[in-house]
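I opened this entry to keep track of what I looked up, one item at a time.

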Amino acid sequence: MAVHIDLGFEPRPHQRAAHTLRATVQFLVLVWHRRAGKTVFAVMELVLAALGSKDPVARFGYIAPLLKQAKSIAWDILKHYARLVPDTDINESELQVTFPNGCRIRLFGADNPDSFRGLYFNGLVVDEPADMKPQIWGEILVPTLSDKSGWALFIGTPKGVNLFSQLYYKALKGDGWAADMKR
């Protein structure tokens, strides 16, 4: 029996379009300006994916350049929406939410890449990859997605030539990737 839970999130038109696009590709790069709603959108993508997953051990992650950043940027938003789902466990010390269906969302920092070794993800949000070491994607995160054919959403603002710009130009070529820019 399906249960309807109102999370109270009303996406803006560009967020709605990105949600539809994300469902059609494995990797989506969003280059959106400040105040465009990147973080709330990204957290909602994780929450919706976790709640809709039929895999009882599905794992999702939100990664910022530093763990402290992930906590200050996304933790309150994630807890807000998670509290609206009955019987959800919020673990403050692990920065992890476990939904009643067994699916988990956890926050991470890219400053400790070895912490990803041995993990798997059904989906990831990578926030501000421009501030991360380029190797984090290909050497560390791609293998965590391979077991479950997981997806990744990259969000950020332009900062010159770096991992984020490389991912954006890759996404423009298609082949399982897509990009959206909102100035």
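Predicted model: local features only at pLDDT ≥ 70, side-chain atom pairs only at ≥ 80, totals over all residues.

**Entry 1. α2 against α3.** From α2, the residues in contact are Thr39, Val40, Val43, Met44 and Val47; from α3, they are Ile73, Ala74, Ile77, Leu78 and Tyr81. Sorted by class, this contact holds 9 nonpolar residues, 1 polar residue and no charged ones.

I then took the geometry, since two packed helices are described by the angle between their axes and the distance between the axes. Helix α3 covers residues 67–82, and its axis and that of α2 come within 10 Å, crossing at roughly 50 degrees. That angle makes α2 oblique to α3, because an angle under 35 degrees would be needed for roughly parallel and 65 to 115 for roughly perpendicular. I noted the crossing of α2 and α3 as right-handed.

**Entry 2. α1 against α2.** The crossing of α1 and α2 is right-handed.

On the α1 side I listed Gln15, Ala18, His19 and Arg22; on the α2 side, Phe41, Glu45 and Leu48. The residues of this contact divide into 3 nonpolar, 2 polar and 2 charged.

**Entry 3. Arginine 22.** This residue was on the α1 list, so I followed it up. Is arginine 22 buried or exposed? Its relative accessibility is 14%, so I count arginine 22 as buried, the cut-off being under 20%. Arginine 22 sits in helix α1. What does its side chain make a polar contact with? The partner is the side chain of glutamate 45, at 3.1 Å. Leaving out residues up to four places away in sequence, I found arginine 22 touching Leu28, Glu45 and Trp151.

**Entry 4. Leucine 95.** I moved on to a loop residue. Leucine 95 lies between β3 (89–91) and β4 (96–98). It has 6% relative accessibility and therefore counts as buried. I wrote down what leucine 95 touches, again without residues up to four places away in sequence: Leu67, Lys71, Trp75, Ile105, Arg106 and Leu107. I also took the separation of leucine 95 from leucine 78, a residue on the α3 list in Entry 1. The two are 17 residues apart in sequence, and their C-alpha atoms are 9.6 Å apart in space.

**Entry 5. Positive phi.** I checked backbone angles because most residues other than glycine have a negative phi. Two entries went into the notebook.

- Aspartate 87 is not a glycine, yet its phi is positive, about 65 degrees. I placed aspartate 87 in the loop between α3 and β3. Its relative accessibility is 71%, so aspartate 87 counts as exposed.
- Serine 149, also a residue other than glycine, has a positive phi near 50 degrees. I found serine 149 in the loop between α4 (135–146) and β7 (151–156). With 59% relative accessibility, serine 149 counts as exposed, the cut-off being over 50%.

Conventions:
Residues numbered from 1 in each chain as written. Heavy atoms only, no water. Left-handed = near helix turned anticlockwise from the far one by under 90°. Helix = DSSP H or I, 4+ residues; strand = E, 2+ residues; numbered from the N terminus. Contact = heavy atoms within 4.5 Å. Nonpolar A, V, L, I, M, F, W, Y, C, P; charged D, E, K, R; others polar. Buried < 20%, exposed > 50% of the residue type's maximum accessible area, 1.4 Å probe, protein only. Polar contact = N/O pair within 3.5 Å; in protein donor to acceptor, adjacent residues only side chain to side chain. Axes fitted to C-alpha atoms, helices over the stretch in contact; angles between N-to-C directions. Parallel < 35°, antiparallel > 145°, perpendicular 65-115°, else oblique.
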